Amino acid sequence: MASDLINILADLNEQQVLDLVQCRLDAGEDPVEILSDARKALVLVGKRFEEGLYFISELMFSGDIMRQVTEIIKPYLKDEVTTTRHGKVIIGTVAGDIHDIGKDLMTFMLDLHGFEVLDLGVDVPIDTFIEKIKETAAPVVGLSGLLTIAFDSMKATIDAIKDAGLRDRVKIIIGGGNINEEIKDYTGADDFGNDAMAAVTFAKGVIG
Amino acid sequence: MNGNGKVQNSLKAWCAADGIEFEDEAAKRSYQEKTRRITDVILLKKPDRVPTMPMWEFFYMKYAGYTCRDGMYDAKKAEDATIKTVLELKPDSFQSPIFYMTGPILEALDSKELLWPGHGVDDRQAHQFLEGEYMKANEYRALINDPSDLILRYYFPRVYGNLAPLASAAPIRNSFAYYAMFDQWAHFGTPEGIKALETLKKVGEASLNYLNWLKSCVGKIEAKGYPVWSGSFCLAPFDAIGDTLRGTKGVLLDMFRQPDVLKEACEKFVWWLTDCAISAAKATGNPIVFMPLHKGTASKPDGKGGFISVKQFEEIYWPTLRKVMLVLIDNGLVPNLLIEGDFTSRLDIIKDVPPASCIYHFERVDLEKAKAVLGDRVCIRGSIPIHKMTLGTPEDVKAECQRQFDVLGEGGGYIMDTTVASEQIKPENMRALIEFTKEHCVYT
């Protein structure tokens, strides 16, 4: 049953997944175990994305199937499910930019890989990043942006983190369609990525 | 006559410039020299030199020292900035400032899907689009059966606050006979209905004001010998559905959940989109059709990381995009695709178009491969990276122009441009791009 759900969800057979989840709940199985199997499927989805078998469309579809699985399981959960988290990652689209697809995919993949993601949303003021770093002591910060205004906004955010005396406490990755090595150097970030998995690889490198 | 023959005729008419009031003979000669140069590269003939056709949007305002907000509302500043930029930088064509002076229209509508300077974004920034599922997943049949009704009574109320009352109107398709007028239009006698009509009146007035401003501004620049670089707009059907109706997530999930109805809707859009583009091109007399592509892209040259796979591109995205392009070409028009993301993995697929009838403007692509695969088929435009234009120096820009000319300029069929438009471009870098191209991207 466990491997059935993992494979069926990883293969994105939506209705079969929902039917199987209900079936297992009706059979009295532990809902926490079912959730755990579903998450294992998503890790597989992430791997297929890395390998170029899946794309953003499959990531979004798997995320939506997982949302429905969570809704079905929720009434059966006695207590809130706590998952062991490797560490905290602050994510946000920088000030002046409202694009969220890349940021949401980063959040999805980081969460999947066991990180506690503190998603600040879009058009995030510099001060908000700084306050969150101070409040949470998160060791990793991810700045997302698609527009050309994001280059200067990322730089200003990183400069402000430095001016606040926090730069040596965090490792920073920037991401977005137009981002590259030159922009990374311009902004003062530690690394850059053009897809959702880059943030996972980076966070693993920092946190473990 | 085949498509390419019709394209040649349209370009010839464009070069003739009938109907344009030039300020003098020198301006007319200058206009014809520029359009001839652009025509040569589209037809894959070797021109005298590489033409420059920069996409400028809100760069005009930055160049002139004004804000983007000025562009949206101040007729004099918007016109002065556009004219100043073109006359001082002297490109081979200019972009019509179609987003300028649209602030009053968006305000009259109470637009929910756009943020613009003074309304959600800083005065110095260009507008941004707020994605949403403005058409629901179960509304495809409504779209296919009666698109005007879906737009009027479903889409408008969701995206324009002051047109919300249209949701309660009766479908216009009911009014196919006189007796429908007895009751089907009663909603427009109610306070809510009247509010919607008053909004449309304000939109109409603001739109007329905008069109008059645009015609005057563009006319003044054309009179001095500079052609506009496109005369109409079109989309890939998949993007028409995904950009503003279903949203990115919506249309991508539709590929899995309802692929057949999605494909059916894409087929319907072929006629809707091309009919609109052909009418606009007739009105402007300019055969180049601007077509930004959004969702068919990859993130990397090997095809990984994008919205959709090569297989999904080939089966769902490309077929109706190609149909749109063929209809446009058959009407003597030149599809100018602005291809976002990395299309290296799709080059062999998009080669399948009539030769010497299209422009492909790449954001990211393996330049050598693009020239090898497409060089005898389409004119290639681009691709000076935007970060070099916004963060680099004039020397960086010149070096990149040389590098790209060396690869893409061989034999002609190449237009110099940046990858995308941005108001963040440094003026000295844009000057460097244009002047370098004129001096060094020359064919003996």
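Predicted model: local features only at pLDDT ≥ 70, side-chain atom pairs only at ≥ 80, totals over all residues.

Biologist: What makes strand 7 (residues 359–364) and strand 8 (residues 379–381) of chain B a pair?

Modeller: The pairing needs at least two bridges, and strands 7 and 8 of chain B have three bridges, in the parallel sense. B:Tyr360 stands opposite B:Ile380 in strand 8 of chain B. Both strands belong to an open sheet of six strands in chain B, in the order 4-5-6-7-8-9 with parallel pairing.

Biologist: Why are strand 4 and strand 9 of chain B called edge strands?

Modeller: Strand 4 (232–233) and strand 9 (414–415) each pair on one side only.

Biologist: On to the rings. Why is the pair A:Phe61 and B:Phe256 called stacked?

Modeller: Their centres lie 4.6 Å apart, and the cut-off is within 6.5 Å, so they pair. Their planes sit at 10°, under the 30 degrees for stacking, so stacked it is.

Biologist: How do you know that this pair joins two chains?

Modeller: A:Phe61 is in helix 4 (residues 56–73) of chain A, while B:Phe256 is in helix 11 (residues 247–257) of chain B, so the pair joins the two chains.

Biologist: What burial labels do A:Phe61 and B:Phe256 get?

Modeller: A:Phe61 comes out at 4% relative accessibility, under the 20% limit, so it is buried. B:Phe256 has 26%, which falls between 20% and 50%, so that residue is partly exposed.

Biologist: How much area is buried between the chains?

Modeller: About 2,600 Å², with carbon and sulfur atoms giving 60% of it. The contact takes 33 residues from chain B and 31 residues from chain A.

Biologist: What makes B:Arg49 and B:Asp92 a tie between separate parts of chain B?

Modeller: Their closest N and O atoms are 2.8 Å apart, within the 4 Å limit, so that's a salt bridge. B:Arg49 is in the loop between helix 2 (25–42) and helix 3 (59–64) and B:Asp92 in the loop between helix 5 (75–89) and helix 6 (103–109), so the pair ties together parts 43 residues apart in sequence. B:Arg49 and B:Asp92 are both buried.

Biologist: Last one: how do you know that A:Lys155 lies over the face of A:Tyr186?

Modeller: A:Lys155 is 5.7 Å from the ring centre, and the distance cut-off is within 6 Å. A:Lys155 also forms a salt bridge with A:Asp159, at 3.2 Å between the closest N and O atoms. Those two are four residues apart in helix 7 (residues 149–163) of chain A, so about one helical turn separates them.

Note on methods. Residues numbered from 1 in each chain as written. Chains lettered and ligands numbered in written order. Heavy atoms only, no water. Phe/Tyr/Trp six-rings, centres within 6.5 Å; stacked < 30°, edge-to-face > 60°. Buried < 20%, exposed > 50% of the residue type's maximum accessible area, 1.4 Å probe, protein only. Lys NZ or Arg CZ within 6 Å of the ring centre and 35° of its normal. Contact = heavy atoms within 4.5 Å. Buried area = accessible area lost by both parts, 1.4 Å probe. Salt bridge = Lys/Arg side-chain N within 4 Å of Asp/Glu carboxyl O.
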